[in-house]
Amino acid sequence: MHHIGNQQRHRPSDAEQWVFTGDVHDHSRFDGDCAWCDKQDQRLSFEVRHAKVDGSCHICQTCIERTPLRMEQDSRALSVQQWRDHLSGLAVRLTHRTCREVLRNLLARTDDPALQEVAVYFDRNVQLSPGRAATLLLALSRSRLDVDPRIFEVQIRSAAHKGEFAHLSEREKLAVWPVFSVTIQKRLMSLGLAPTAIRSRPHLPEIPRKPAWERAGLAGP
């Protein structure tokens, strides 16, 4: 488990004394913990540095959006809305760039024209249709690249995309299924579109995940 930041586990009372260094890291996985709020399963981390004391840490997007921090590069102060728009723009550009890099790595390993078409579609839409997602995610599973398939967003809201998903093979549906949120998975199950293996699986109670401080071997709060 990758641990973001240091041992600080709560948003500090002097949050206004921190500055944003401009460094945003995409881990290509959802396994990071925020150093301020202990929120788990984070894909992105934002580096902040204390203005008066040596030390920096990485925090989640929710925490950094709470206070319009100054930006270390030019010490600009933004309004709350400008600040959130700035962070959102950084996050979107970085996540899309990561997806394109994954696609480039896959294309370097194969000359599959179907995968090339997926890359073109993603460049135009920054999302994938269910069929193209299945092509990509099956190739990703064969490549053994250390990438979480959930970094790709799959279009499923329209009737056309639901129909496309319905016509996928069982193997293709299973490849795409982990990308969907729990809410979308439940909706697809209610429509009878879930993979057969998922529909027939007995429901098991969710095992609560240990807090980050316990997984890191630290003393309790």
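**Exercise 1. Describe how helix α3 and helix α4 cross in this predicted model, and name the class of their angle.**

*Solution.* 
Step 1. Helix α3 spans residues 113–125 and helix α4 spans residues 130–143; their axes come within 9 Å and cross at roughly 120°.
Step 2. Angles of 65 to 115 degrees count as roughly perpendicular, and those over 145 as roughly antiparallel. The pair α3 and α4 is therefore oblique.
Step 3. The crossing in which α3 passes α4 is left-handed.

**Exercise 2. Determine which residues make the contact of α3 with α4, and sort them by class.**

*Solution.* 
Step 1. From α3, the contact is made by Ala114, Leu115, Glu117, Val118 and Tyr121.
Step 2. From α4, Arg132, Thr135, Leu136 and Ala139 take part.
Step 3. Sorted by class, this contact has six nonpolar residues, one polar residue and two charged residues.

**Exercise 3. Follow strand β2 and state how it pairs with β3 and with β1.**

*Solution.* 
Step 1. Strand β2 covers residues 44–50 and runs antiparallel to β3, to which four bridges join it.
Step 2. Two residue pairs illustrate this pairing: Arg49 has Ser56 of β3 as its bridge partner, and Phe46 stands opposite Ile59 in β3.
Step 3. Between β2 and β3 lie five residues, and the two strands form a hairpin. In the turn, Gly55 has a positive phi of about 140°.
Step 4. With β1, the pairing of β2 is also antiparallel, over six bridges. Here Val19 stands opposite Arg49 in β2.

**Exercise 4. Is β2 mostly covered or mostly uncovered, and which helix packs on the sheet?**

*Solution.* 
Step 1. Residues count as buried at under 20% relative accessible area. Six of the seven residues of β2 are buried, and the strand is mostly covered.

Definitions and conventions:
Residues numbered from 1 in each chain as written. Predicted model: local features only at pLDDT ≥ 70, side-chain atom pairs only at ≥ 80, totals over all residues. Heavy atoms only, no water. Axes fitted to C-alpha atoms, helices over the stretch in contact; angles between N-to-C directions. Parallel < 35°, antiparallel > 145°, perpendicular 65-115°, else oblique. Left-handed = near helix turned anticlockwise from the far one by under 90°. Contact = heavy atoms within 4.5 Å. Nonpolar A, V, L, I, M, F, W, Y, C, P; charged D, E, K, R; others polar. Pairing = 2+ DSSP bridges. Buried < 20%, exposed > 50% of the residue type's maximum accessible area, 1.4 Å probe, protein only.
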